[in-house]
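User: I have just opened this model and would like to go through it with you. Could we begin with how the chains meet?

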Protein chains: 4
Amino acid sequence: MEFQKDQPIYLQIADLICENILSGEWQEETRLPSVRELAISLEVNPNTVMRTFTYLQDQKIIYNQRGIGYFVAAGARELTRVLKREDFINAWLPQVFKMMNLLQIDLNEFQKLYHNYTKTG
Amino acid sequence: MEFQKDQPIYLQIADLICENILSGEWQEETRLPSVRELAISLEVNPNTVMRTFTYLQDQKIIYNQRGIGYFVAAGARELTRVLKREDFINAWLPQVFKMMNLLQIDLNEFQKLYHNYTKTG
Amino acid sequence: MEFQKDQPIYLQIADLICENILSGEWQEETRLPSVRELAISLEVNPNTVMRTFTYLQDQKIIYNQRGIGYFVAAGARELTRVLKREDFINAWLPQVFKMMNLLQIDLNEFQKLYHNYTKTG
Amino acid sequence: MEFQKDQPIYLQIADLICENILSGEWQEETRLPSVRELAISLEVNPNTVMRTFTYLQDQKIIYNQRGIGYFVAAGARELTRVLKREDFINAWLPQVFKMMNLLQIDLNEFQKLYHNYTKTG
DNA sequence: GTGGTCTAGACCACC
DNA sequence: GTGGTCTAGACCACA
């Protein structure tokens, strides 16, 4: 798998996992792939995956069962949605709105771009 | 002045300058504050401001007159608008749209948030 | 049963057993629950319980009778008391005293906390 | 420097730092030694020190100024005292009291051991 | 100079 | 088998 270079890999992996949880592909209380498995399938060093897991564990999105593996926490789906939403609304949107004002992009144009995206992307 | 930690300070300063140019506050062919002045007022290392200037000069948004200072280039306003617009549409919007889908925020909700922002912020 | 994560599960189980012996609930020369029984009631892998038994056997606190099960050894009560006492005085107390100094908790406060504990806990 | 083997080195380093803050040796808003310096003086890998710093930063005990270094946070002294105190009272003391009951060590004996410690240790 | 990330490889305790 | 920690060494962006 290829990663962008403008963000740490371990965070990109965290995003991947969160998306899997959000989309319901990975159910709560389900075991995640092991550190080594993920490392191999993502073509990444195990340490990097370990870092992702530690990071997500701190956020209570996953938890560890010793000697067995990592599991999606109960309530993880809701939690990630809240966290992502907060981040989006508080950190992203203000900047987006500011840019829209500066660049004189109004809601109409935004809608067009959005429809354009949903068709092609 | 306080800076966010998810982006290099020198780029954040560049953004500040571009916004001043875009808003018309700093007219073309006008002299910018000196490196030292900016560094002091922004509470930043002069090297960092210097880096911003070099960066903007590379993009032809400002130019240097030896021994005198940096000036807003002719056509800078239009240029920054184009550059920012490209960046916004190609780099930002796709991620915004993706998040909207993931978080199930539709255009209606987006509009509400937008109006809310234009009133308060 | 839930276990703390800062100590191996098999040692926490060993502690449980020792407490039962110390308190007199499990008399000497009495048969312990089988590995399977304990594993089920503690919601733990049988291997883990097995490890606990091996560990306690090494310390002569329990002994094995082939095909029958594990038994509390003769003198186990006195033995565990001595072992625990050594451990407590040499390994625990120094750290406790150090913390008390660092956090400026004196003997008076310690007494209050102790009385508070004996009433509620 | 030598470390105990029953606890991760990076946590032992964190404890060292906290003690320096608690004792007032390292004042708030003061710069910590750099990662590399600490690594050398503690005879440890820089990554290990880095881990300690990340850990303490998550707890808001230290903060980072980019390109400059890590600093003791404002309010760090109070914060560490509160955190350590909570940990001590909620996680340590109950176990200590429990042990005292099991081993029949009363407050009198505890006092003797305490005085003995303050004299010799 | 500073921190931050990543890889590679090793060793350990635990289940 | 699992995770967790540590070392060594490299490279990069930033101030």
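User: How many salt bridges are there between chain A and chain B?
Analyst: In this predicted model, the count between chain A and chain B is four salt bridges. One of the salt bridges involves Arg85(A) and Glu109(B), whose closest N and O atoms are 2.2 Å apart.

User: And how many residue pairs are in polar contact there?
Analyst: Between chain A and chain B, six residue pairs are in polar contact, counting pairs with both residues at pLDDT 80 or more.

User: Which elements of chain A give two or more residues to the side that touches chain B?
Analyst: They are helix 1 (9–22), helix 4 (76–102) and helix 5 (107–120) of chain A. Helix 4 of chain A gives the most to that side, with 17 residues.

User: What area is buried between the two chains, A and B?
Analyst: The buried area between chain A and chain B is about 3,400 Å², and carbon and sulfur atoms give 76% of it. Phe88(A), Phe97(A) and Leu103(A) supply 18% of the area that chain A buries against chain B, more than any other three residues. In terms of contacts, 29 residues of chain A touch 30 residues of chain B.

User: Changing topic: how many residues does the largest nonpolar core have?
Analyst: The largest nonpolar core has 27 residues. Among those with the most contacts inside it are Phe88(C), Phe97(C), Phe88(D) and Phe110(D). Helix 4 (76–102) and helix 5 (107–120) of chain C, together with helix 4 (76–102) and helix 5 (107–120) of chain D, each supply at least two residues of this core. The largest share, seven residues, comes from helix 4 of chain C.

User: Which residues is Phe97(C) in contact with, leaving aside neighbours within four places in sequence?
Analyst: Phe97(C) is then in contact with Phe110(D), Leu113(D), Tyr114(D) and Tyr117(D).

User: Now the strands. In which sense do strand 1 and strand 2 of chain A pair, parallel or antiparallel?
Analyst: Strand 1 (residues 62–65) and strand 2 (residues 69–72) of chain A pair in the antiparallel sense, over four bridges. Asn64(A) has Tyr70(A), in strand 2 of chain A, as its bridge partner.

User: What lies between the strands of that hairpin?
Analyst: The hairpin of strand 1 and strand 2 of chain A has three residues between the strands, and Gly67(A) in this hairpin takes a positive phi near 75°.

Note on methods: Residues are numbered from 1 along each chain as its sequence is written. Chains are lettered from A and ligands numbered from 1 in the order in which they are written. This is a predicted model: local features need pLDDT of at least 70, side-chain atom pairs count only at pLDDT 80 or more; totals for chains, interfaces and linings use all residues. Side-chain values use heavy atoms; hydrogens and water are left out. A nonpolar core is a set of buried Ala, Val, Leu, Ile, Met, Phe, Trp, Tyr and Cys residues joined through side-chain atoms within 4.5 Å. Buried means under 20% relative accessible area, exposed over 50%, partly exposed in between (1.4 Å probe, protein chains only). Contact means heavy atoms within 4.5 Å. Two strands pair if DSSP finds at least two bridges between them. Buried area is the accessible area (1.4 Å probe) that two parts lose on being put together, summed over both. A salt bridge is a side-chain nitrogen of Lys or Arg within 4 Å of a carboxyl oxygen of Asp or Glu. A polar contact is a pair of N or O atoms within 3.5 Å; within protein, one must be able to donate a hydrogen and the other to accept it, and residues adjacent in sequence count only if both atoms are side-chain atoms.
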